[in-house]
Amino acid sequence: MQFFLEVLIGGLLSGVMYSLVALGFVLIFKASGVFNFAQGAMVYFAALSLVGVMGKGAPLWLAFILAFGIMTILGIATEKFVLRKMVNQAPISLFMATIGLAFFIEGLAPLLWGNDVRALEIGLVDEPIPYLLDSFNIVVSSFDLTAAGLALALVAGLALFFQFTRVGRALRAVADDHQAALSIGIPLQHIWALVWAVAGFVALVAGMLWGSRNGVQFALTFTALKALPVLILGGFTSVPGAIVGGLIIGASEKLAEIYIPPVMQSMFGGNFGGIEGWFPYVMALLFLLVRPEGLFGEKHIDRV
Amino acid sequence: MFYRETGQFKNSYAADQQVFPIRQDRVGIAILLAVAFLVVPLVAGNYWFNAIFIPFLIFALAALGLNILTGYAGQLSLGSAAFMAVGAYAAYNFQVRVEGMPILMSFILGGLTAAGVGILFGLPSLRIKGFYLAVATLAAQFFIVWCLTKFPYLSNNSSSGVISVPGVEMLGFKFDTPQSRYLLVLSIVTSMALLAKNMVRSTTGRSWMAVRDMDVAAEVIGIRLMRTKLLAFAVSSFYCGVAGALYAFCYLGSVEPDGFSLDLSFKILFMIIVGGVGSILGSFLGAAFILLLPIFLDITLPAIAGLLSLPFDSATVSHIQLMVFGALIMFFLIVEPHGLARLWQIGKEKLRLWPFPH
């Protein structure tokens, strides 16, 4: 039971980290209808920029601000040179363009900052929390807990930003209906650039947390692949969906990794580790068969 | 002047319905095939066969498969490499486990197995569309590669799923020189491309296109969605499967599951974007382009760096390659969404009028 709880909590905490990446997808999808496959590459780029600037001797807070600046420039450039030119094309073409963007960023990042694995020190320690260890005998990493707390704070902040500021209201208007938003004088292109900048900010936070955990390396781009099942489970358009989806995927993935391979081993023999790679996808897929728009997605009505 | 169909009258339905109705096209194709079948085997060296012609034909076949699914039926798939893997491993198993199995039969059975798996993973397409489906095909990509690594039976109990194929032999003739393997691949690819060309202008192909353009409307005019979509998945996976079998048997000789990674799927997707989505010719042009580009960059980049006296290593080359790939994809999607095939078409339009455009 204790072990089960430990795995469950570990899974939930890593699920929050998945949500963080998924959040970047949701933001851009909501505001511009673009399914941004490059989010994982942006996480990598942001983390590398952060480490790169810190390597030049800047303290963490300054490096964070500078890296955010870099991500903003990247976002604005993407809007200006790619998205603006692809207005009115099919969403699936835009999706394929973001695959191209992902490749571009994955090449650009190591070209700018070098491609060796770097450690990122942000002053969080990875130790079991003494209180939980003593009283319940459960190992919960303080790093994971802090990271999850940060992620939740970010989500809450974004929710407030969307709900109560003028810009947030404009963002929601654009997400709801581009043309209507344009007709009442909301500057569409500024909003898109802004959304990409915010997605860059989310990528930066995600990159910082993932990077300090596993080192800043190319594998960070795979965080996007972790976030995709979260997205289809939660629905592309829903911020709460990204959170709940992340928690479900994180927990079930870790539990499955612990409990399914032994069962398969007793059935077929051999070693069946590493099911984390596909399990979330298959789970999300089965879920989609029941509910095609995800948990919190908008119900899609087809018209001819 | 050279490409003018004036004066070519059709006197029968058969003539009107032939694959290449314009005489210049027929002559062009005949010359192309003659060169490919007769001149190339005599002229080209082993490097050309092993590094360029054979992979080009195999990738073109895989791109053709994806193009049927994505370009004609409108279902985006990110799992084509996985279906290639199914084809390769199934063909291998039929070849190794069944005594006296003809090699062509193995290829076909490999393709059919891939088609079966394709139908299985195509089932969600009946419920979900667009991005959701694209992500769902990733499930196939990861799951299949994992299965091939973890079930020793599938790779005949070799360690970590690596298979080394037996030699290709047909009716006592051993395909052991690059020339002979090139000719084998070329014959298979040519006949399958012709088949695809015919399929996309048949009822099946037209219903695919109707589903692609708007599936609700297609359903309303009486096209059976389930049949059409699953058929697209089956045919596409069959093509990818045969391509995978050829990839293992005629190109690499020994493959591992990780060779059929997501990167390969993306590469095939890029081929159809650059070549032309929804075009048979485009699959070939795209495959050639994506295959030749890295070779071209490998040669030119160090030379350019040498001119500018910049420090240069192989890692930098690979990074610049990634960037060029990405930039090209975006460039094509922005400037010419229908790819190289469309450029070819524009060229032909110009040639009709040249040299007297008015």
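## Working through a two-chain helical model

The buried residues of H13(B) are covered by, among others, H3 and helix H4 (91–113) of chain A, along with H11 and helix H14 (339–353) of chain B. Keep in mind that this is a predicted model. Now for some exercises.

**Exercise 1. Find out which residues of H13(B) are buried, and what span the helix has.**

Step 1: Start with the span. H13(B) has 22 residues, and from first C-alpha to last it reaches 31 Å. At 1.5 Å a residue you'd expect 32 Å, so the helix comes close to that.

Step 2: Now look for burial. The buried residues here are B:Leu322, B:Phe325, B:Gly326, B:Ile329, B:Met330, B:Phe332 and B:Leu333.

**Exercise 2. Describe the side of chain B that touches chain A.**

Step 1: Count the residues. On chain B, 37 residues are in contact with 40 residues of chain A.

Step 2: Pick out the elements. Those giving two or more residues to this side of chain B are helix H6 (130–150), helix H9 (215–220), helix H11 (262–275) and helix H13 (314–335). H13(B) gives the largest share, 13 residues.

Step 3: Sort by class. You get 31 nonpolar, four polar and two charged residues on that side of chain B.

**Exercise 3. Work out how H2(A) and H3(A) are placed against each other.**

Step 1: Two packed helices are described by the angle between their axes and the distance between the axes.

Step 2: Here the axes of helix H2 (residues 39–55) and helix H3 (residues 60–83) of chain A come within 8 Å and cross at roughly 135°.

Step 3: See who does the touching. H2(A) brings residues including A:Phe45, A:Leu50 and A:Met54, while H3(A) brings A:Phe64, A:Ile70 and A:Leu74, among them. By class, this contact has 13 nonpolar, one polar and no charged residues.

**Exercise 4. Decide whether B:Ala218 is buried or exposed.**

Step 1: Locate B:Ala218 in helix H9 of chain B.

Step 2: Count the surroundings. B:Ala218 has 22 other C-beta atoms within 10 Å, so this residue is buried; the cut-off is 20 or more.

Step 3: Leave aside neighbours within four places in sequence, and B:Ala218 is in contact with B:Ser207, B:Ala210, B:Val211, B:Ile223 and B:Leu225.

Methods
Residues numbered from 1 in each chain as written. Chains lettered and ligands numbered in written order. Predicted model: local features only at pLDDT ≥ 70, side-chain atom pairs only at ≥ 80, totals over all residues. Contact = placed C-beta atoms within 7 Å. Helix = DSSP H or I, 4+ residues; strand = E, 2+ residues; numbered from the N terminus. Nonpolar A, V, L, I, M, F, W, Y, C, P; charged D, E, K, R; others polar. Axes fitted to C-alpha atoms, helices over the stretch in contact; angles between N-to-C directions. Buried ≥ 20, exposed ≤ 12 C-beta atoms within 10 Å, placed from the backbone.
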